[in-house]
Amino acid sequence: MSSLLEVKDLVIKFGLRTGDVTATTGVSFTIEKGEKLGLVGESGAGKSVTGFSIIVLISKPGYVADGHILFKGTDLTKISSEEMRNIRGNRISMIFQDPMMTLNPVLTIGTQMTETLLAHNPKMSMKEASEIALEKLRKVHIPSPEKRLEQYPHEFSGGMRQRIIIAIALITDPEIIIADEPTTALDVTIQAEIMDLISELCETEDMGFILITHDLAVVASVTENIAVMYAGRIVEKGRTRDVIDNPQHPYTKGLIKALPEGAKGSNRLNQIKGMMPTLTNIPDGCAFNPRCPYVMDICKTDEPSLIQVKGMDTQAACFLCKEEVFTNE
Ligand code: SF4
């Protein structure tokens, strides 16, 4: 049976006047119903462009150069724009960082919710659309939802606006929600409330969830599975608990060391030295080699593949990791 979502060997490029540059290479992961996956890495790692590619919304000059994005077996890289419009915002929804960029300030919340629903279901009556909008506001725990439907975005706090965005994302009963840094603009207490809400909804609605974030602590608190990205590649993936407790790739180790006190029991904040390379300046060999405390000669010439680490469920792309060798015996 097909996975809910399977991304296979995804290559995204940007066509520049000086030639194409590669934004992601060989990115592969799957999501099943009710599963929560964290795509984590610093800015420029390729995680957001991967998320946007799933809903075929990479801004030009970006394009999917190779690979497959299979939603319940249908390859989204091969379908027409019309077919994709029926999937985007309907079967797969996206939540963005800043609610004020997503909400229209001059329309009531009720109008924005019903318009979204009617755009995907033109035959639905306004009464039915309003009832569904009300039900979704209740699902995201908005108090007095009848009254709130008549209000404008500026009448809500930041946390409440993000709940509205989630209610809009839910309005068509999607099967997958992709959230790009959904809580970065919120304070820490509200962040935790919103992530708890998303977690609860994934479980009750049996939705797949992809959380795109630079914040490993948020991924650790919400997701079951994790893919760590660096310079357009997945450098480590596995069960979130395994990766956080026993990271294999030096980049993941650096991210964990950089967690603030309390997030992983560390009492120091250690930033990873150096910067993520730009797309036009990816080093030869392992892209992490200029920042890696364990760099060897081979790392400067050869690129490590993502391998199954011996004795673990984790995969990592580092020459220091020993590969599990599977035999047929
Ligand atoms: Fe560091 Fe080499 Fe491993 Fe890359 S392959 S992470 S440079 S040890």
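Which helix holds the place of Thr50? Thr50 sits in helix H1, which covers residues 47-54. Welcome to a short tour of a predicted model, in which local features need pLDDT of at least 70, side-chain atom pairs count only at pLDDT 80 or more, and totals for chains, interfaces and linings use all residues. Residues are numbered from 1 along each chain as its sequence is written, and side-chain values use heavy atoms, with hydrogens and water left out. Helices (H or I, at least four residues) and strands (E, at least two) are DSSP runs, numbered from the N terminus.

**Thr50 and its surroundings**

- Thr50 has a relative accessible area of 0%, so it is buried; buried means under 20% relative accessible area, exposed means over 50%, and partly exposed is in between (1.4 Å probe, protein chains only).
- Leaving aside residues up to four places away in sequence, Thr50 touches Leu10, Ile12, Thr24, Val27, Phe29, Leu39 and Met229, where contact means heavy atoms within 4.5 Å.
- Take Leu39 from that list: Thr50 and Leu39 are 11 residues apart in sequence, and their C-alpha atoms are 9.1 Å apart in space.

**Aromatic rings**

- A pair of aromatic rings is described by the distance of the centres and the angle of the planes.
- Rings of Phe, Tyr and Trp (its six-membered ring) pair if their centres lie within 6.5 Å; planes under 30 degrees apart count as stacked, over 60 as edge-to-face and the rest as tilted.
- By this rule the count is four aromatic pairs.
- One of them is the stacked pair of Phe52 and Phe96, with 5.8 Å from centre to centre and 20 degrees between the planes.
- This pair links distant parts of the chain, 44 residues apart: Phe52 is in helix H1, and Phe96 is in the loop between strand E6 (92-95) and helix H3 (99-102).
- Phe52 is partly exposed at a relative accessible area of 21%, and Phe96 is partly exposed at 27% relative accessibility.
- Tyr230 and Phe288 make an edge-to-face pair, because their ring centres are 5.1 Å apart and their planes stand at 80 degrees.
- Tyr230 belongs to strand E9 (residues 225-230) and Phe288 to the loop between H11 and E11, so this pair ties together parts that are 58 residues apart in sequence.
- Tyr230 is buried, with a relative accessible area of 3%, and Phe288 is buried at 2% relative accessibility.

**A charge over a ring**

- Arg148 lies over the face of Phe156, at 4.4 Å from the ring centre.
- A charge sits over a ring if NZ of Lys or CZ of Arg is within 6 Å of the ring centre and within 35 degrees of the ring normal.

**Salt bridges**

- The structure holds 18 salt bridges, each being a side-chain nitrogen of Lys or Arg within 4 Å of a carboxyl oxygen of Asp or Glu.
- Glu135 and Lys139 form a salt bridge with an N to O distance of 3.3 Å.
- Both Glu135 and Lys139 lie in helix H5 (residues 126-139), four residues apart, about one turn of the helix.
- Glu135 is partly exposed, with a relative accessible area of 34%, and Lys139 is partly exposed, with 25%.
- A network of salt bridges links Glu135, Lys136, Lys139, Asp173 and Glu205.
- Arg239 meets Asp242 in a salt bridge (3.5 Å, N to O), and Arg239 also meets Asp313 in a salt bridge (2.8 Å, N to O).
- Asp313 lies in the loop between E11 and strand E12 (315-316) and Arg239 in strand E10 (residues 233-239), so their pair ties together parts that are 74 residues apart in sequence.
- Arg239 is partly exposed at 43% relative accessibility, and Asp313 is partly exposed, with a relative accessible area of 46%.

**Backbone details**

- The peptide bond from Lys60 to Pro61 is cis, with omega near 15 degrees, and Pro61 lies in the loop between H1 and strand E4 (62-71).
- His141 is a residue other than glycine with a positive phi, near 60 degrees; His141 is found in the loop between H5 and helix H6 (145-148).
- Glu181, also a residue other than glycine, has a positive phi near 45 degrees.
- Glu181 is in the loop between strand E7 (176-180) and helix H8 (188-205), and Glu181 is buried, with a relative accessible area of 12%.
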